[in-house]
Amino acid sequence: MSGKKVADVAFKASKSIDWDGMAKMLVSDEARREFYNLRRAFDEVNTTLQTKFSLEPEPVDWEYYRKGIGSRLVDMYKEAYDNVEIPKYVDEVTPEYKPKFDKLLVELKEAEQQSLKESERLEKEIADVQELKKKLSTMTADEYFAKHPELKKKFDDEIRNDYWGY
C-alpha cells in the first residue's frame, strides 16, 4: 500500500471515531488524562500521515540533468534509480492488537449498558426520595409501610418479641 493510500485510510478512520462520545463516558480524572493523551498521539500520527506520507515523490527530470552533467553519468544514476525496489510495508502490528481492541470495545459496550442501567436505577431512586420528601409532612405510618413492607415486618417482629431497642 502506498503512503498516500495509508494516509487516506487513516484520515477516513479518524472521521469515524466519536471522540466526544467516548469522552462523555469517562468518569475519573486519570481516565480523562489517558484518553486525551491517546487522542493527542492519534492526531499527531494522523497529521504526520497526512503531510509527510501522503505526498507522492516528484518525478526526476532526467533530461534536465543530461543537459547540465552529461548523459553517461545521468544514465548510470537513472539505471540505479530504476533498480531501487522499495519493499512493501507488511502490517504485523494491527493483527496483533485488533483482537485486543475489539475485546476492549465489547467491554466498553458492556460497561456503557451497565452504567445506563445504574443511571436509570439512581434516577428512579432520586424520584422516589423527592416524592417521599414532598409527602413526608402529611404521610401516615400506614402509607409509609405500604411502600416499605420489609420495615413493617421488622417492627411487627420486634413488637411481637417484646424488643423495644434497649
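1. D157 and R160 stand 3 residues apart in helix 8, which separates them by about one helical turn; helices here are DSSP runs of H or I with at least four residues, strands are E runs of at least two, and both are numbered from the N terminus. The side chains of D157 and R160 meet in a salt bridge at 2.7 Å, N to O, the term denoting a side-chain nitrogen of Lys or Arg within 4 Å of a carboxyl oxygen of Asp or Glu. An α-helix has 3.6 residues a turn, so residues three or four places apart point the same way. D157 is partly exposed at 26% relative accessibility, whereas R160 is exposed, with a relative accessible area of 60%; buried means under 20% relative accessible area, exposed over 50%, and partly exposed in between, with a 1.4 Å probe and protein chains only.

2. This is a predicted model, in which local features need pLDDT of at least 70 and side-chain atom pairs count only at pLDDT 80 or more, while totals for chains, interfaces and linings use all residues. Residues are numbered from 1 along each chain as its sequence is written, and side-chain values use heavy atoms, with hydrogens and water left out.

3. On confidence, the average pLDDT (the predictor's confidence in each residue, from 0 to 100) is 82 for the protein, and 89% of the residues score at least 70. Confidence is lowest in helix 1 (residues 3-15), with a mean of 58, and highest in helix 6 (residues 93-135), with 89. Where pLDDT is low, the predicted coordinates should not be read in detail.

4. The protein contains 8 helices and 0 strands, and buried residues account for 8% of its 166 residues. In helix 3, the buried residues include F35, N46 and L49. Helix 3 (residues 29-51) has 23 residues and spans 33 Å from its first C-alpha to its last, close to the 33 Å expected at 1.5 Å a residue, where the expected span is 1.5 Å times one less than the number of residues.

5. A search of the whole structure finds 15 salt bridges. One of them joins K152 to D156, with the closest N and O atoms 3.3 Å apart; both residues lie in helix 8 (residues 149-160), 4 residues apart, or about one turn of the helix. K152 is partly exposed at a relative accessible area of 36%, and D156 likewise counts as partly exposed, at 29%.

6. In helix 6, E118 and R121 are 3 residues apart, about one turn of the helix, and their side chains meet in a salt bridge at 2.6 Å, N to O. E118 is partly exposed, with a relative accessible area of 37%, and R121 also counts as partly exposed, at 41%. Elsewhere, E63, R66 and D75 are linked in a network of salt bridges.

7. Which residues form the nonpolar patch on the surface? V60, Y64, Y65, I69, L73, M76, Y77 and Y81 do, with about 860 Å² of accessible area together. Such areas come from the Shrake-Rupley method with a 1.4 Å probe, and for residues only the protein chains shown count as cover. Patches are made of residues with over 30% relative accessible area and no salt bridge, like charges being joined within 9 Å and nonpolar side chains (Val, Leu, Ile, Met, Phe, Trp, Tyr) within 5 Å. Helix 4 (62-69) and helix 5 (71-83) each supply at least two residues of the patch, and helix 5 gives the largest share, 4 residues. Y77 is found in helix 5 and is exposed, with a relative accessible area of 54%.

8. A last point concerns E143, which sits in helix 7 (residues 141-147) and counts as partly exposed, at 44% relative accessibility. The side chain of E143 reaches the backbone nitrogen of T140 at 3.0 Å.

Technical notes:
Polar contact = N/O pair within 3.5 Å; in protein donor to acceptor, adjacent residues only side chain to side chain.
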